[in-house]
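Visitor: Hi, I'm new to this one and would like to look around a bit. Could you show it to me?

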Amino acid sequence: MNARDPRALDVNGLTIRTDQGRTLVSDLSFSINAGSRLGLVGESGSGKSLTALAVLGLLPPGMNASGSIVLREAPDAPGTEVIGATEQRLTGLRGRAATVVFQEPLTALDPLMRIGGQLAEPLRRWRGLRGPALRRAVAEALEQVRLPDPDRITRAYPHEISGGQRQRVALAMALACDPALLIADEPTTALDVTVQSEVLALLDGLVAQRGMALLFVSHDLAVVSSVTDHVLVLKDGAAVESGSVDDIVRRPQHPYTRDLVDSARHLESALERIVR
Amino acid sequence: MSERTDLNPGPGEAAAAMEPAPVVDSAKEAPATRTRRSPALVTGCVLLGLIVATALVSLFWVPYAPEDTTGGRLTAPGLPHLLGTDKLGRDLLTQLMTGARIALEAGLGAIAIGAVLGICFGLAAGFATRWLDDTLSTLLDVLIAFPTLLLAMLMVAARSASLSSAILAIGLAMTAVVARLTRILVKRVLAQDYITAARTSGTSWPRVITGHVLPNIWPTLVVNLAQQFGLAVMAEASLSFLGLGAPPPNASWGRMLQEAQATVFTAPTGVIAPGVLLVMLVVGVNLIADGLRDTLDPTRRRTR
Amino acid sequence: MTTPIPATPAPGPRAADSAILAARDAGFAYRGAPPVLHGVSLDITAGRSLGLVGESGAGKTTVLRLLLGLTRPTSGRILFDGDELRLRDREQMRRFRRGVQSVFQDPYSSLDPRQRVSGIVAEPLRSLGLSRPVARGEEDPRVAAALEAVGLPADAARRYPHEFSGGQRQRIAIARATVCEPRVLLADEPVSALDVTTRVRIVDLLIELKETRGLTIAMVSHDLSVVAALCERTAVLEHGRVVEQGDTASVLGSPSHPYSRRLIASVPRLPSPKSP
């Protein structure tokens, strides 16, 4: 009965409530096929980050999810329901089926541990690497995210490298166990514009090269449209519109999407006139 | 808009980069509405009120003179001695009433010293340049490490065993704690943009302190001071217990506890009564502090 | 919904052409650390708003702190109306504060949570000794006018900051900065913490204030669109040096320095509105 199912992530009727009964995300449904990409766009309070956290079973205390979230490591593997899964089951899922890169890599990395050590941890845990093989894998992982001078980075502490470099390290850690789905939650928002474009290009290349599915969460429609092909627009915890990037950006249907696109275009217009 | 739920983020929290976008999207509107009067405040006021009333009454009237030992030793509660007598035949109710006064005096006196000196030192350290701050901080650390008991003994040696010696010792010990807390709170507030905004608005430093710094550190400070008040009362009781507090015939609750400990099984009222009052006072003041913090903080007071 | 923002707004009245505020060869170093600014020279002239762009760590915020009179440059000078700014000269500082006000990035930390909006907005009036006697329980009419000018409801004055959204809080901050009718508004990333739709409205508000009040803005921003919309002049900072400055149209339109070029090329753009 386990027919091939192409969906790496299948979210159905996801609702997130606080313990006080406030609904933060309501009846959200979407799916991402293996190897394809979806952008989750919304302003603050739209529930986009909560949705990303819920997929990994990482909702903060005081919030609970209902509905269904199914993660699938490979198209022929059985799917795993995240909602209601035990912590043990989730730990097995994180890293393999899906990993996440957060906005602020400084808080995602242990400040008291050298980069090499942090990067080695998932490799040791998931791929069972030891000794020289582990060291080689760490060096490869750093090369893969195009970090210059991997030797120095391996020995450095998180505060000793730049924000862009930290985000590359976080990306390397996320990719270390070859996940089926990569969740990127505002991964470039804290970075400078020039660094942002480099990290986006890197992310784009790595996801394509590995055939990973990507869930890209951002408030910035322009950034989302540069890495994904489909977009889901969220407002106040509910989906307002979804479709291809082209359709959403060129022919937004919902008034809110139109407002979002118009605002972005309005801001761009001044620059457009000068630059082009 | 990205939100900052914590209005006083920790000192180590680096200024967020370009956009402090949230991990949790909608935590902003999360706090529960709290519109009714704080029950903690009411309960605290009642408890403290009872003790204050007792202390006030004791200024004008007590059932017996404190030195009056005519009642017979260790009588059980009843008439004519409502709560019985101690091993010297003194009326327990009388002692408890004067003890309330001494406890409040000790608490208020120590708080006054600790708060005034502590806040001044804390402000100075909070505003100071690196060098002065380091010096003051080291000084405070030493003072905190210095045992209150030792301080009290030195104080008694230098002056004499009296309530004021005990208050002075407790107040000085408290100064260090209050100063250190004030310093951290001040540093935290000074890192906020509204301080810079005030300065670029042309606000002078004294007005920045009275208008922005003190109001913002006050709620945390007041809760801490209330806790310190409780500790001061306990400390005075302990010092009296050790004979380093107010000398007889002053009936401090601590002294009463000490004197009654030999007869705790034959006449338990002698231990229970001052013990209960001590707990009432400490709990009452702490409840008031909690309630005050809630009512002082506009972000808790009203919600949309 | 919106008319495009003109790329270079018509310059305001050019009556006073000499700089209101200027940096002359200003350098800055923290004690015992290598300098973060080297020989920065900038002019803020009436009606010619200035945008400071560059990546994090380039020294943008330090320049702003010098121009705000919060820190003294370790070399060089800051000039106000042609006179050297002396932080200890009370009389000059009072004139300076009256003429130069500021807006910050984070509207959550820039408003004192324990003051009512009326108190916040009235602070410059009180501090600069501009208060006028009003009847007990009455507001200074200038506070109400300032709130109205930034588009806040009349009852806003009695409320506390936490009752407002991020965009509204930024409006409160702008009301505070404009209540004493300053000539220059120094702003540190004034819209970058805001959602896109809110960002547009705040940019429009600032444009309106420029036009109706003759306000000159000097702004640090990483968002080139916002700079293009608001500033007639642009200075590009890299590693504590001004590498390029001039009219926004020429700096952003035909950048000569490689860093400026890279910066402009990195700006994420929406796909063009027309279908290909």
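Visitor: Let me start with one residue: is Phe96(C) buried or exposed?
Guide: Bearing in mind that this is a predicted model, Phe96(C) is buried, and its relative accessible area comes to 0%.

Visitor: And which ring does Phe96(C) pair with?
Guide: Its partner is Phe80(C), in an edge-to-face aromatic pair with 5.1 Å from centre to centre and 85 degrees between the planes. The pair links distant parts of the chain, since Phe80(C) belongs to strand S4 of chain C and Phe96(C) to helix H2 of chain C, 16 residues apart. Phe80(C) also counts as buried, at 2% relative accessibility.

Visitor: How many aromatic pairs are there over all chains?
Guide: The search of the whole structure finds three. Among them is the edge-to-face pair of Phe28(C) and Tyr30(C), with centres 5.0 Å apart and planes at 90 degrees. Phe28(C) is buried at 7% relative accessible area, whereas Tyr30(C), at 46%, counts as partly exposed.

Visitor: Changing topic, how many cavities of 30 Å³ or more does it hold?
Guide: There are six, and the largest cavity has about 490 Å³ of space. Its lining is made of 29 residues, and those nearest the centre are Asp220(A), Arg199(C), His222(C), Asp223(C) and Pro268(C).

Visitor: What kinds of residues make up that lining?
Guide: The lining of the largest cavity divides into 14 nonpolar, eight polar and seven charged residues.

Visitor: What does UniProt list for chain B?
Guide: An unreviewed UniProt entry gives several stretches as "transmembrane region", including residues 106-127 and 264-289 of chain B. In the model, residues 106-127 of chain B are 100% helix, with end C-alpha atoms 31 Å apart, while residues 264-289 of chain B are 81% helix, with end C-alpha atoms 33 Å apart.

Note on methods
Residues numbered from 1 in each chain as written. Chains lettered and ligands numbered in written order. Predicted model: local features only at pLDDT ≥ 70, side-chain atom pairs only at ≥ 80, totals over all residues. Heavy atoms only, no water. 1 Å grid on protein atoms, 1.4 Å probe; cavity = no way out; pocket = protein on both sides within 12 Å on 5 of 7 lines; lining within 4 Å. Points joined across faces, edges and corners; volume = space filled by probe spheres on them. Nonpolar A, V, L, I, M, F, W, Y, C, P; charged D, E, K, R; others polar. UniProt positions renumbered as here; feature names shortened; annotations may be inferred. Helix = DSSP H or I, 4+ residues; strand = E, 2+ residues; numbered from the N terminus. Phe/Tyr/Trp six-rings, centres within 6.5 Å; stacked < 30°, edge-to-face > 60°. Buried < 20%, exposed > 50% of the residue type's maximum accessible area, 1.4 Å probe, protein only.
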